[in-house]
Every structure is written in C-alpha cells, then in structure tokens.
Amino acid sequence: MMSFDDIKDSVICKVVNTDNNKDKLEGKPQEKIEDMTIMFATVIAQKEGERLTLPITNEMMNDMGIDQAQLKEAALANISEQNYSFKSMRDVLIDSMFPDGVPENDSFIEMMLPPESPDMQMYVLSNECNVNGAAEIFNKKAMDEIADKLGGDFIVLPSSVHETIVLPYKEDMEPAMLESMVQEINEGVLNENDKLSDHVFQYDSKEHELVRMDKMESRQKEKDNSKNIDDLKGDRGSEKTDNIKVDKVENNKTEKKHSTSLQDRISKKQAEVNKKEASKPQPSKKKDVSLD
C-alpha cells in the first residue's frame with residue numbers, strides 16, 4: 001500500500017474550471033475558489049511540455065491516513081520549492097515563433113511582437129514544464145517575487161489551465177473590460193478542457209492575497225468598516241480608561257481629605273492632652289498616652 005511518505009515530495013496542485021470538470025473532480029479532494037477548483041495529484045514523470053501525474057482520490061487519501069489540509073500543505077510546500085517561469089509576452093512569442101533567434105532588421109516581425117516598454121509589458125506565468133502551470137497563482141513565493149518585480153499589485157488574466165497572463169496594476173484599469181476580454185477568448189479561442197476562469201484577479205501585494213478584481217472595492221470597504229469599528233471600540237475603551245482615571249483622582253482626593261481630617265483630629269487631641277498634662281503635677285515617670 002502506498003504511504004504518504006512515498007509521495008509527499010511529489011504532490012502537486014492543479015487548478016481547473018469547476019463546471020467543465022465535474023466528472024474529473026468527483027471522488028477527489030478539492031477546494032473551490034470562485035469558478036475554479038484546486039485538485040491534487042502526484043507526479044510520476046515530467047519533462048519539457050509533458051508531465052505524467054496520478055490524481056489523488058478521497059479513497060487514496062483515506063488509505064494513507066491523511067486529511068485534505070495535510071495534502072494541501074504538502075502541495076503548496078512543493079510548488080514553492082520548484083522553479084517557475086515568468087517571462088514577458090514578447091519573449092514567449094520569440095521563443096515559440098523564432099527558436100533560432102529573431103531575424104535582424106526585419107521591421108515586419110518587429111511590428112508583430114509586443115512592445116518592449118515596461119509600462120506596456122505583459123507577462124506569462126507558468127511552471128517549468130508549462131503544463132498545468134496556472135497553479136502557480138497559488139505559489140506565494142512566486143507571487144510575492146512578481147509583486148516586487150512589478151512594484152506592487154498586479155492583474156492576473158486566467159488565459160488557460162497551463163498559464164496565466166500578468167499585467168502591472170494601473171488605477172485606470174476597468175475590471176468589466178478585462179473580464180469581457182477574457183470571456184471572449186474563452187468562448188472563441190480556447191479548447192473547453194483548457195478553460196480556467198471567466199473572471200479577472202488582482203494580487204494584493206500588501207495582504208498577499210489573490211482576489212477577484214471586481215470584488216476589490218467591496219473588500220476594501222469591508223476592511224475600512226471593520227477598522228472603523230475597531231477604532232470605535234478603542235475610543236470607548238480609552239474613554240472608559242479616562243473615566244477610571246477620573247474616579248481614581250476623585251477617590252484620591254477623598255482619601256486625602258479623610259487623611260487630612262484625621263491628622264487634624266490627632267493634632268487637636270494631642271493639643272488637648274498636652275494642655276491637661278501641663279496643668280497637672282509632673283509625674284516621676286512618663287506614661288504612654290492613648291489617643292482615642
């Protein structure tokens with residue numbers, strides 16, 4: 001019987017479109033994210049452009065005595081240790097169209113390629129073998145390194161299950177326009193098995209989270225509201241603390257007043273005793289005076 005230790009280092013995650021893969025997902029551990037689903041497999045063999053994997057089923061998982069959380073932890077740990085591919089769209093096209101190099105001084109070819117300007121650059125994210133490489137969007141190490149390279153948040157267009165397209169985030173980007181573009185490509189260009197998602201995603205570089213782009217605004221509002229509530233609780237707590245301080249001051253004043261009153265009584269009593277003692281004959285020995 002196969003043990004988890006036998007496959008732990010080769011467990012990977014794949015991400016597929018949920019609706020298009022209902023049969024493949026049946027009876028397997030999975031995690032749904034928007035219209036995508038993460039599933040798990042173990043790699044048997046792989047090379048450039050090819051990879052042989054064995055899907056992990058619920059039965060296999062139970063036989064190995066593990067749960068889905070352990071499976072996911074192993075898959076994400078493995079993906080973070082593996083090399084990923086992050087190239088400009090221009091370089092990807094050059095590699096595929098001109099494996100021997102771009103002919104020099106050919107203006108027509110230059111017009112066919114995307115511009116080299118960083119401000120207008122698009123990138124392609126995949127794994128090293130370019131098979132089921134869209135799962136790299138769950139590689140925290142890769143996503144953070146890309147955020148550092150691009151200077152902050154970035155947009156993820158789910159072009160297929162094998163790769164995603166990355167764009168540096170700009171404030172004038174319209175989620176509806178980008179989503180419409182992705183959906184048109186899904187309907188007219190992609191094979192149904194390669195389709196990943198109809199939605200566009202944004203990587204929040206501060207929170208280290210991948211979020212649907214059209215939900216970013218409402219998500220930020222929720223965070224602001226939550227912060228305002230926390231601030232309000234903090235203000236109330238501060239007000240309560242201030243009230244406690246005022247009460248302590250008042251108590252101190254009262255205690256001080258009581259303390260002063262007692263000192264006056266003692267002083268007066270001592271004066272009375274001294275006066276009485278002064279009018280009496282002086283004894284041979286002093287006596288302790290008890291103060292009532």
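**Figure 1. Contacts across the whole predicted chain.** Among contacts in the protein chain between residues at least 6 apart in sequence, 62% join residues at least 24 apart. The model shown here is predicted. The secondary structure of the protein chain comes to 9 helices and 10 strands. The chain has 292 residues, and buried residues make up 35% of them. Its accessible surface comes to about 19,300 Å². Carbon and sulfur atoms account for 49% of that surface.

**Figure 2. Helix H8 from end to end.** H8 runs through residues 175–188, which makes 14 residues. From its first C-alpha to its last, the helix reaches 20 Å. That is close to the 20 Å expected at 1.5 Å a residue.

Figure 3. Which residues of H8 are buried? They are Leu178, Glu179, Val182 and Asn186. These residues cover an arc of only 100° around the axis, so they sit on the same side of H8. An α-helix has 3.6 residues a turn, so residues three or four places apart point the same way. The other side of H8 carries exposed residues: Ala176, Glu184, Glu187 and Gly188. What do the buried residues of H8 pack against? Their partners are strand S7 (154–157) and strand S8 (164–168).

**Figure 4. Two cysteines, Cys13 and Cys129.** Cys13 is buried, with a relative accessible area of 4%. Cys129 also counts as buried, at 4% relative accessibility. How many disulfides does a search of the whole structure find? The search finds 0.

**Figure 5. The salt bridge of Asp198 and Lys195.** A search of the whole structure finds 9 salt bridges. One of the pairs is Asp198 with Lys195. Their side chains meet at 3.1 Å, N to O. Lys195 has a relative accessible area of 18% and is buried. The cut-off for buried is under 20%, so Lys195 falls in that class at 18%.

Figure 6. Arg219 forms a salt bridge with Asp204. Their closest N and O atoms are 3.0 Å apart. Where do the two partners lie? Arg219 is in helix H9 (residues 216–279), and Asp204 is in strand S9 (residues 201–204). Arg219 is buried, with a relative accessible area of 13%. Asp204 counts as buried too, at 7% relative accessibility.

Figure 7. Glu217 forms a salt bridge with Lys221. The closest N and O atoms of this pair are 3.9 Å apart. Both residues lie in helix H9. They are 4 residues apart, about one turn of the helix. Is Glu217 buried or exposed? Glu217 counts as exposed, at 57% relative accessibility.

**Figure 8. A network of salt bridges.** Which residues are linked in this network? They are Glu34, Arg212, Asp214 and Lys215. Salt bridges make the links.

How values were computed:
Residues numbered from 1 in each chain as written. Predicted model: local features only at pLDDT ≥ 70, side-chain atom pairs only at ≥ 80, totals over all residues. Heavy atoms only, no water. Helix = DSSP H or I, 4+ residues; strand = E, 2+ residues; numbered from the N terminus. Expected span 1.5 Å × (residues − 1). Buried < 20%, exposed > 50% of the residue type's maximum accessible area, 1.4 Å probe, protein only. Arc of directions from axis to C-beta. Contact = heavy atoms within 4.5 Å. Areas by Shrake-Rupley, 256 points an atom, 1.4 Å probe, with all protein chains shown as cover. Disulfide = S-S within 2.5 Å. Salt bridge = Lys/Arg side-chain N within 4 Å of Asp/Glu carboxyl O.
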